[in-house]
Amino acid sequence: YWSHDEQIILGAQTSLANCLNKLGRRDEALVLYRETHARRVALHGFSHGSAIGSGSNLAACLGNLKLYDEAIQLVRDQLLPAARRSLGSDHDLTLTINLNIAIALLYLNSGDGLLEAETILKDQVQRRRRVFGPAHP
């Protein structure tokens with residue numbers, strides 16, 4: 001029966017997490033983001049687009065909660081390698097994930113982290129201009 005399709009349930013849970021996040025109930029959203037990401041990884045593996053997308057949601061929520069170290073570790077260890085492999089370095093989601101790590105490094109405000117953020121952000125500007133064109137805002 002279609003209502004028992006796990007993808008539909010995961011989609012609904014993700015929508016609920018997004019709603020909770022926008023309502024400022026980020027701790028509750030984080031629980032759902034963790035659950036949906038873990039389930040998508042278990043179903044499809046780290047390199048599947050839905051697992052990468054759910055991981056990106058999780059990393060963004062971690063950043064919103066100022067859990068920058070955990071967000072950076074998730075992005076470095078899982079999301080960015082999987083996104084580059086599966087989607088390519090110039091894919092919008094890969095670029096967004098890479099941008100998120102730079103933002104987390106900026107908020108950590110450490111010397112080496114700031115230098116790494118600068119490198120990532122310079123690369124972001126070049127890639128986005130090349131991929132999306134000069135007319136893109």
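**Notebook: helix packing and loop residues**

I began with Gln-124, which, leaving aside neighbours within four places in sequence, is in contact with Leu-95, Asn-98 and Leu-99. Contact here means heavy atoms within 4.5 Å. I placed Gln-124 in helix α6, residues 111–132. Helices are DSSP runs of H or I with at least four residues, strands are runs of E with at least two, and both are numbered from the N terminus. Gln-124 counts as buried because its relative accessibility is 3%. The cut-offs are under 20% relative accessible area for buried, over 50% for exposed and partly exposed in between, with a 1.4 Å probe and protein chains only.

Ground rules next. I am working on a predicted model, where local features need pLDDT of at least 70, side-chain atom pairs count only at pLDDT 80 or more, and totals for chains, interfaces and linings use all residues. Residues are numbered from 1 along each chain as its sequence is written, and side-chain values use heavy atoms, with hydrogens and water left out.

**Entry: helix α2**

I checked the span of α2, residues 26–44. Its 19 residues reach 26 Å from first C-alpha to last, close to the 27 Å expected at 1.5 Å a residue. The expected span is 1.5 Å times one less than the number of residues. I then listed the buried residues of α2: Ala-29, Leu-30, Leu-32, Tyr-33, Thr-36, His-37, Arg-40 and Val-41. What do they pack against? I found α1 (6–22), α3 and α4 (68–86). After α2 comes Gly-45, with a positive phi near 95 degrees.

**Entry: α2 with α3**

Two packed helices are described by the angle between their axes and the distance between the axes. For α2 and α3 I noted an angle of about 155 degrees and axes 9 Å apart. Axes are lines fitted to C-alpha atoms, for helices over the stretch in contact, and angles run from 0 to 180 degrees between N-to-C directions. α2 and α3 are therefore roughly antiparallel to each other. Angles under 35 degrees count as roughly parallel, over 145 as roughly antiparallel, 65 to 115 as roughly perpendicular and the rest as oblique. The crossing of α2 and α3 is left-handed. Left-handed means the near helix is turned anticlockwise from the far one by less than a right angle; right-handed means clockwise.

I read off the residues that meet. From α2 they include Tyr-33, His-37 and Arg-40, and from α3 they include Gly-55, Leu-58 and Leu-62. The residues of this contact divide into 8 nonpolar, 8 polar and 3 charged. Ala, Val, Leu, Ile, Met, Phe, Trp, Tyr, Cys and Pro count as nonpolar, Asp, Glu, Lys and Arg as charged, and the others, Gly among them, as polar.

**Entry: α3 with α4**

I repeated this for α3 and α4, which pack at about 160 degrees with axes 9 Å apart. They are therefore roughly antiparallel to each other. Their crossing is left-handed. Among the residues that meet are Ala-51, Ile-52 and Ala-59 in α3 and Tyr-68, Leu-74 and Ser-86 in α4. By class, the contact of α3 with α4 has 12 nonpolar, 4 polar and 1 charged residues.

Is Leu-74 buried or exposed? Leu-74 counts as buried, at 10% relative accessibility. Not counting residues up to four places away in sequence, Leu-74 touches His-37, Gly-55, Leu-58, Ala-59, Leu-62 and Leu-79.

**Entry: α3 with α5**

The axes of α3 (49–64) and α5 (92–108) come within 11 Å and cross at roughly 25 degrees. That makes α3 roughly parallel to α5. α3 passes α5 in a left-handed crossing. I saw Ile-52, Gly-53 and Ser-56 in α3 meet Leu-93, Ile-97 and Asn-100 in α5. By class, this contact has 3 nonpolar, 3 polar and no charged residues.

**Entry: positive phi**

Most residues other than glycine have a negative phi. I logged Lys-66, not a glycine, with a positive phi of about 65 degrees. Lys-66 is in the loop between α3 and α4 and is exposed, with a relative accessible area of 60%. I also logged Asn-109, not a glycine, with a positive phi of about 60 degrees. Asn-109 lies in the loop between α5 and α6. At 55% relative accessibility, Asn-109 counts as exposed.
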